[in-house]
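Trainee: Can we go through the ligand sites in this one?

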Amino acid sequence: MTSTVFITGATSGFGEACARRFAEAGWSLILTGRREERLQALSAELSKVTSVHTLTLDVRDRKAMEAAVAGLPAQFATINALINNAGLALGTDPAPKTDLDDWDTMVDTNVKGLIYSTRLLLPRLIAHGKGATIVNLGSVAGNYPYPGSHVYGASKAFVGQFSLNLRCDLQGTGVRVTNLEPGMCESEFSLVRFGGDKAKYDATYAGVDPIQSKDIADTIYWIVTQPAHININSLELMPVTQSWAGFAVERHKQG
Ligand code: NDP
Ligand code: 8X3
């Protein structure tokens, strides 16, 4: 029987690359995102090789999420994998200079959107049982602090702990949970973060050789297709060119 993957945020970056990777392997796709035209274009392309169901929705809209999951066509009713990918960072200004609305948006999307899709799809994943997989998109920003990460990094730390806690509650169901924690990857992520500023986007990746969305899609496909008795708890990856700076130390004037 064909396996089905539910991907949140399939209109660009990792989610779109996952749609292509899973389609290539013959999986049926449920693709979500707010940008209808992009979903339709991707669906038109991938429908040539597999079955595709699109859901134009905002993951922050709990009622829309509930209705979309409840209304899944019978052909897409059994879910083998959920990729909780929809998410964003807004800005890198220091905390005192940020817009509280941006903090709301990051929490509503990265935290609340992710828990909505998880809770709503859990019964279907449990019904599938052994081998079903949830892959949550955390980030290195959830593990290490850096200036300007504030709520974005904290939202990803939530994803990490939620993933571990879920594993406890899913004991005995066969459902697996992974927190995937990438570092710098080239995608529209930075365009969104910098409010569409292409110069800042280009500067972010200049000379870095960042991870690409296809690399992440291959990694997610690997996680999901591990033997059913193995759970990858967390997986952190960075470009070779990215590592850590030291502690910042503020010094008083001497003498
Ligand atoms: P992109 O900006 O390329 O893709 C983000 C996706 O999320 C889009 O499809 C977007 O669709 C969707 N999305 C955002 N907000 C909402 C919303 N409210 N409702 C529904 N969908 C939404 O970024 P990436 O592919 O790089 O990022 C994917 C995930 O990976 C994010 O969670 C990000 O935090 C995480 N990540 C990214 C890293 C990077 O360096 N790129 C590194 C580590 C983690 P649409 O706008 O159409 O709704
Ligand atoms: C995004 C990765 O390194 O920009 O989650 O925080 S980083």
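Mentor: We will take the two ligands in turn. This is a predicted model, where local features need pLDDT of at least 70, side-chain atom pairs count only at pLDDT 80 or more, and totals for chains, interfaces and linings use all residues. Residues are numbered from 1 along each chain as its sequence is written, chains are lettered from A and ligands numbered from 1 in the order in which they are written, and side-chain values use heavy atoms, with hydrogens and water left out.

Trainee: Which residues surround ligand 2?

Mentor: S139, V140, A141, Y146, Y152, G183, F189, R193 and Q242, counting a residue if one of its heavy atoms lies within 4 Å.

Trainee: How far is an oxygen atom of ligand 2 from the side chain of S139?

Mentor: 2.5 Å, to an N or O atom of S139. Polar side-chain atoms of Y146 and Y152 each lie 2.6 Å from an oxygen atom of ligand 2. For ligand contacts, the cut-off is a pair of N or O atoms within 3.5 Å. The protein covers 84% of the 250 Å² of accessible area that ligand 2 has on its own (Shrake-Rupley method, 1.4 Å probe).

Trainee: OK, ligand 1. How many residues surround it?

Mentor: 29, and the closest are T11, R34, N85, Y152 and S187.

Trainee: What does D58 do there?

Mentor: An N or O atom in the D58 side chain is 2.9 Å from a nitrogen atom of ligand 1. Backbone atoms feature too: a polar one of C185 is 3.0 Å from an oxygen atom of ligand 1, and an N or O of F189 is 3.3 Å from an oxygen atom of that ligand.

Trainee: How much of ligand 1 is buried?

Mentor: The protein buries 96% of the 880 Å² that ligand 1 exposes when taken alone.

Terms used: A polar contact is a pair of N or O atoms within 3.5 Å; within protein, one must be able to donate a hydrogen and the other to accept it, and residues adjacent in sequence count only if both atoms are side-chain atoms.
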